[in-house]
Amino acid sequence: STVFDDAGKPCTVTGKSEVHIDPLGTYRVTFDDGSQIVAGGGHEWQTWTDKERRQLMSRSPEWRARRRPMRASRGTGARPWLSARNTILAASYEPQAVSGAIRTTAMIADTLQVRDGSRTNHAIRLGGPWEMHTQPLPRDPYVLGVWLGDGHTAGARITSADPEIMAEVDAAGFPSTPQGSYLWRCDGLRDGLKAAGVWKTGKRVPDVYLRASQPQRLALLQGLMDTDGCCDRDRSSVFTNTNEGLARSAYTLAASLGLKPHWKEDRATLYGKDCGPNYEVRWTHTLPVFRLPRKRDRLPTTLRTTQGYRYIVGCERIPDVPVQCIEVDSPSHQYLCGTAGIPTHNSTSIRRILYEFAKQIPGFHA
């Protein structure tokens, strides 16, 4: 079997345990983006604690540059050589010197919060974008995304007030002709939708598009975001839709591109009238998930350090359920789990479980 490692690269499952009840119990781990993973108490994760994150932050050149004007120089007075020595030792402050540590789920539950419960203690770094092969897609992914967002379900037409979007559709080989107020007819679009298997079958993202290469998945997400997405005041990218399937696909695309999507369900209203469920997917990143200039130009150019982590906000004991451990051949011994693609580590759990089983055999020494 093949899974993705923490860098998003495919890796091979080299071993797995029997399905069992973890002797350390079962936990539900909840992250700040709302995603949850059920894991055994002995399951392992590479986490950065609050102390380790503060150490990591204080070793960055940006933090040290901000701090330098606020403190007196130690290169004067009786030790004028101290400033020169510190410059030579600057390499010792590299962030790589703080690497986090491997901790079990039970350990995380016992140390979930610090600073008298006011601060989340454990965080896990985001995984990389999932590496998959380029697929021979039935039709251009950006055009499919635009049609899913603003296309007519039973027609080769798109409603759009943005000529830039239609210029992208034209460039992809579907010449558009204006048909009235914001309505465009696209030549060849009907055949394209039939080839993709979405003509008159309901708006959805075919599985082959979700398993395509990174550029292909990004193009599809750009089509969805140019039509049904926005970049709000805090520069977060937001996809909103009343079609749960499309929203789930947008979530999967965002997670597969190494982003940290948040899922939210609400009610859609129009002039105070309840129009049914509404689904929102939100993330903050510099990745150009828009092609439309007025949206793309609102994206942030830099990110806070916190955007590179998922913070563990809950780790509660739940009734025991069967679990299974796997071992992978990735360099970090980590792999991605759950629909959000959360890095997790389990390379030694199998050995520990086998050791516990072996101890139950009379006369067996391990």
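**Figure 1. Tyr309 and Tyr311, two buried residues of a predicted model.** Tyr309 is buried, and Tyr311 is buried too. The model shown here and in the views below is predicted. For Tyr309, the relative accessibility is 3%, so it counts as buried. The rings of Tyr309 and Tyr311 form an aromatic pair. The pair is tilted, with 50 degrees between the planes and 6.1 Å centre to centre.

**Figure 2. Trp48 pairs with Tyr309.** A search of the whole structure finds six aromatic pairs. One of them joins Trp48 and Tyr309 in an edge-to-face arrangement. Their planes are 70 degrees apart, and the distance is 6.1 Å centre to centre. Trp48 lies in the loop between β5 (44-47) and α1 (50-58). Tyr309 belongs to strand β17 (residues 309-318). The pair therefore ties together parts that are 261 residues apart in sequence. Trp48 has 6% relative accessibility and so counts as buried. Together, Trp48, Tyr309 and Tyr311 form one aromatic cluster.

**Figure 3. Arginine charges over aromatic rings.** Two views are described here. In one, the charged end of Arg248 sits over the ring of Trp263. It is 3.8 Å from the ring centre. In the other, Tyr142 provides the ring, and the charged end of Arg291 sits over it. Here the distance to the ring centre is 4.2 Å.

**Figure 4. Helix α5 packs against helix α6.** Helix α5 spans residues 141-150, and helix α6 spans residues 163-171. Their axes are 9 Å apart and meet at an angle of about 135 degrees. That angle makes α5 oblique to α6. The crossing of α5 past α6 is left-handed. On the α5 side, Tyr142, Val143 and Val146 make the contact. Ile165, Glu168 and Val169 make it on the α6 side. Tyr142 of α5 is also the residue whose ring lies under the charged end of Arg291.

**Figure 5. The surroundings of helix α5.** Nine of the 10 residues of α5 are buried, so this helix is largely enclosed by the rest of the structure. The buried residues include the three contact residues Tyr142, Val143 and Val146. Pro141, Leu144, Gly145, Trp147, Leu148 and Gly149 are also among them. Several elements cover the buried residues of α5. Among them are strand β10 (157-159) and helix α6. The cover also includes α7 (189-196), α8 (207-210), α9 (214-228) and α10 (244-256).

Terms used: Residues are numbered from 1 along each chain as its sequence is written. This is a predicted model: local features need pLDDT of at least 70, side-chain atom pairs count only at pLDDT 80 or more; totals for chains, interfaces and linings use all residues. Side-chain values use heavy atoms; hydrogens and water are left out. Rings of Phe, Tyr and Trp (its six-membered ring) pair if their centres lie within 6.5 Å; planes under 30 degrees apart count as stacked, over 60 as edge-to-face and the rest as tilted. Helices (H or I, at least four residues) and strands (E, at least two) are DSSP runs, numbered from the N terminus. Buried means under 20% relative accessible area, exposed over 50%, partly exposed in between (1.4 Å probe, protein chains only). A charge sits over a ring if NZ of Lys or CZ of Arg is within 6 Å of the ring centre and within 35 degrees of the ring normal. Axes are lines fitted to C-alpha atoms, for helices over the stretch in contact, and angles run from 0 to 180 degrees between N-to-C directions. Angles under 35 degrees count as roughly parallel, over 145 as roughly antiparallel, 65 to 115 as roughly perpendicular and the rest as oblique. A crossing is left-handed if the near helix is turned anticlockwise from the far one by less than a right angle, and right-handed if clockwise. Contact means heavy atoms within 4.5 Å.
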